[in-house]
Amino acid sequence: MQKMKRYYSKADEEDRMPIVERLYRKNQECYAHAGGFLEDDDEEEERRERIAEARQKRLEAAASTAGLVAPDECSLCKKPLLDSFLWDKFNYPVCDLCRDDKGAHKLIARTEAKAKYMLKDCDLDLRKPVLRYISKKNPHNPRYGDMKLYLKAELEKRCLEIYESWEKFEAVKESRATEKEARAEKSYEKKIRRMRQQLRGTKVPKLTKSQPHEHTYGEECYDEASGKYLSTCSVCGYVLSYEKF
């Protein structure tokens, strides 16, 4: 005689399930929505991109209203200026074939440009004409703000506008380096003095003859003129004279 199989619905299976197993399954975490980035991170990144694009559009609009028209030829090879990344982004009339990415047409980050050419924020953002730049995501951490990359040739030109010549620029740079080194040395000496004071502890104030204290005599010495031995107190300077028999 064959036994008939019984089929249970999902509700029946849960009813037949032991209480311990039901509690275990109920308390398990759901990982359906786990992992990934927060929505706020994506919104912040999109916001930075919109700001960078808006700035770039304003610069391009200002360039167009200023009547800047692409020249007919490259400033280096004198050939027709057909494709030019430098003109599209920086209004710099050099074609792509003459572009030197490791030399005069190298792109330099804003922080490095300020340190290398001793420029201030106003020299980049306010001094006319305002230097153009391109935005790029930070390779070290995408959560940081976008990098601003400037053209090396334009940075050098702006540097000469401020310091008039490379000789004056080097003189100012050397002077600032000397001042920085002097400040660092002074700060180092100050730290050394503080460490010495901490090692020595609280300095004991020097007592005078009028203040009561117990004399602490040093080594005795013989005075041939008086024929006596002398000992001096190391605290107040009192001299004790005595004879030996």
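Predicted model: local features only at pLDDT ≥ 70, side-chain atom pairs only at ≥ 80, totals over all residues.

Biologist: What makes β1 and β3 a pair?

Modeller: Three bridges join β1 to β3, and the cut-off is at least two, so they pair. In one of those bridges, A109 has L149 of β3 as its partner. The two strands run antiparallel.

Biologist: And how do you know that β2 pairs with β3?

Modeller: Three bridges again, joining β2 to β3 (residues 147-151); at least two are needed, so that's a pair as well. The direction is antiparallel.

Biologist: Why are β1 and β2 called edge strands?

Modeller: The order is β1-β3-β2, in an open sheet of three strands. β1 (107-109) and β2 (134-136) each have a single partner strand, so one side of each has no neighbour in the sheet. Neighbouring strands are turned by 40° against each other on average, ignoring direction.

Biologist: Which strands does helix α5 lie across, and at what angle does it run to β1?

Modeller: Helix α5 (residues 110-117) lies across β1 and β3, at about 90° to β1.

Biologist: What about helix α7?

Modeller: Helix α7 (residues 152-163) also lies across β1 and β3, and its angle to β3 is about 75°.

Methods
Residues numbered from 1 in each chain as written. Heavy atoms only, no water. Helix = DSSP H or I, 4+ residues; strand = E, 2+ residues; numbered from the N terminus. Axes fitted to C-alpha atoms, helices over the stretch in contact; angles between N-to-C directions. Contact = heavy atoms within 4.5 Å.
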